[in-house]
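Hi,

Here is the structure I promised to pass on. Have a look at it first, and then read on for my notes.

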Amino acid sequence: MNKAVRVRFAPSPTGFLHIGGVRTALFNYLFAKSHKGKFILRLEDTDQERFVADGVEQIIKSLDWLGLHPDEGVWYEEKPGEHGPYIQSKRLNHYGNFAQGLVASGLAYYSDISPEQLASLKAEALASKQPFVYQQSMEPSNVTAPDTALPIRLKIPAGSTKWSDEVRGDFSTSNSLIDDFIIIKADGFPTYNFANVVDDHLMQISHVIRGDEFISSTAKHALLYDMLKFDRPTWIHLPPILSPDGKRKLSKRDGDVNVLDYQKKGYLPEALLNFLSLLGWNDGSTQEIFSPEELIAKFNIDRIQKSPAVFDSVRLDWMNGEYLRHKLTEEEFIEHIKPYIPAGWLNDLDYFKSVLRLDRDRIKRLDEAKYIMEIFFDLPKVDSKLLYKKDDAATAKQWIASTISELDTIEFTHSKLETALRGLSEKLEAQTGKYFYVLRVALTGRTEAPGLFDIFETLGKQESLKRLKNCAH
RNA sequence: GGUCCCAUCGUCUAACGGUUAGGACACCAGAUUCUCAAUCUGGCAAUGCGGGUUCGAUUCCCGCUGGGAUCACCA
């Protein structure tokens, strides 16, 4: 009885989409696609206090950029599916019905203990170093009639709960360790633990793929499935992604954790996804670069890692550079680079392409492109200190003057420029390295740039000589 | 603190009892050279510790140590 594969990514719209959440979404997506199943986007907005106005939009925009499009669920226009709505605040009737059913059969109860009372009981237990597990017997009074102002707690039965995870193996928890936890809050909204189980059942989710922070609450979920007489899904918990120092989970203090920051910085979605796919998974070979299609073809849960992975942005930069250098045609590259450069640069497309051919290999992130390429579009400011760093000003000026008259008469092609400039270098009795250094700085204002003859050729005679003349006196 | 999880180069990871412990990023050196980048070649670098089991442990078992997760009317 192989159930159809249906998986969901179920973030909470409480801000931006975290890079760790993207890895979870990606693994869900890859698993769905590799089994010709459905990838569903569900929004868990049961905490009214943490609601953020553009939270939903942030999530959709992020997944859209990455190409992780859901088959069902919330989207710009909700994607069709038989199990909607896909946002929990619109599903309150379902949670209420199941909770009432549980109360009616004595498996759950209205709880009259206030948060303050509960907190003091806990503090007491902590002070006497006793473990604390909340049970109905601790209720200050027995509520017999339904009272919608009160939260509903699940009455945990005696015994133990066993469940298993596809990557971690078998778990067993004594029920005596589990609190009578709240399933419906006093405001009528369900808690995560409850809504999650009800929705996964109703939406016929076959595999629950999520972060490992949920391992410790999975026993509660398993219990709920059983008490509600639902079939349990297959659980797959992903290893955490750690901060660069490896000391904690990746968080805001470690820099960019909002996916859209990676878009701004000029990472390609394919590169980011490739990088993320290798955090906690590998295909067993020495292959490092995988196209989205290859990822789908090769992804399997058997090779998901148990141990945590450190987020290494240096490796991400390398991978992005690989994509930028080898995975895009010139036209595609230009399309990608457009948002990061002045529009005017593209007015003369042939010129832009000739510049791009010189600079493409040195761009690791698209947001570096403007700085790297601008020497071909704007007259550089030449710092005389830099220009005269290796030789005195008089010598440098003489070199530049000689160069101007020498180049005035030749054709600006790479080979002719090389012959002329090397010849002149000899005639001037200059060290080639120092001579070329002066020319490079005069031309670009930089010490690091493409090859000298390439710069001359690309800039052309008129512009080159203009720049040299600016530095000749 | 209770419960649970994890453990190979600095980092991502391969090796499902027998390998000189492999690859990649980073780093270092060399080649190329007018600088940077790219490219190519080479190098440095790991099985946390202690017991078992076994002819033989990175691999299986136990303990320790270290790290992490979780213990909300948050998800």
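This is a predicted model: local features need pLDDT of at least 70, side-chain atom pairs count only at pLDDT 80 or more; totals for chains, interfaces and linings use all residues.

In which loop is Pro 85 found? It belongs to the loop between β3 (72–73) and α3 (92–104).

Now for the overall picture. Chain A contains 18 helices and 12 strands. Its radius of gyration is 32 Å, whereas the globule rule gives 23 Å for 473 residues; the value is well over that, so chain A is more spread out than a compact globule. Along the principal axes, the box filled by the C-alpha atoms of chain A is roughly 105 × 50 × 40 Å. As for burial, 33% of the 473 residues of chain A count as buried. If you look at contacts in chain A with a separation of 6 or more, 76% of them are accounted for by residues 24 or more positions apart.

- Lys 229 is not a glycine, yet it has a positive phi of about 60°. You will find Lys 229 in the loop between α6 (218–227) and β10 (234–238). Is Lys 229 buried or exposed? With 8 other C-beta atoms within 10 Å, Lys 229 is exposed, because a residue with 12 or fewer such neighbours is classed that way.
- Glu 429 also has a positive phi, of about 55°, although it is not a glycine. The loop that holds Glu 429 runs between α16 (414–427) and α17 (432–444). Glu 429 has 7 other C-beta atoms within 10 Å, so by that cut-off of 12 or fewer it is exposed.

The last item is a strand pair. Strand β6 (residues 160–165) and β7 run antiparallel and are joined by six bridges. The link from β6 to β7 is a hairpin of three residues. Which residue of β7 is the bridge partner of Thr 161? That partner is Thr 173. And how many of the six residues of β7 are buried? The count is zero, and strand β7 (residues 169–174) is hardly covered.

That is what I have for now. Happy to talk it through once you have had the model open for a while.

Best wishes

Definitions and conventions: Residues are numbered from 1 along each chain as its sequence is written. Chains are lettered from A and ligands numbered from 1 in the order in which they are written. Helices (H or I, at least four residues) and strands (E, at least two) are DSSP runs, numbered from the N terminus. The radius of gyration is taken over C-alpha atoms; the globule rule is 2.2 Å times the number of residues to the power 0.38. A residue is buried if 20 or more other C-beta atoms lie within 10 Å of its own, exposed if 12 or fewer, and partly exposed in between; C-beta atoms are placed from the backbone. Two residues are in contact if their C-beta atoms, placed from the backbone, lie within 7 Å. Two strands pair if DSSP finds at least two bridges between them.
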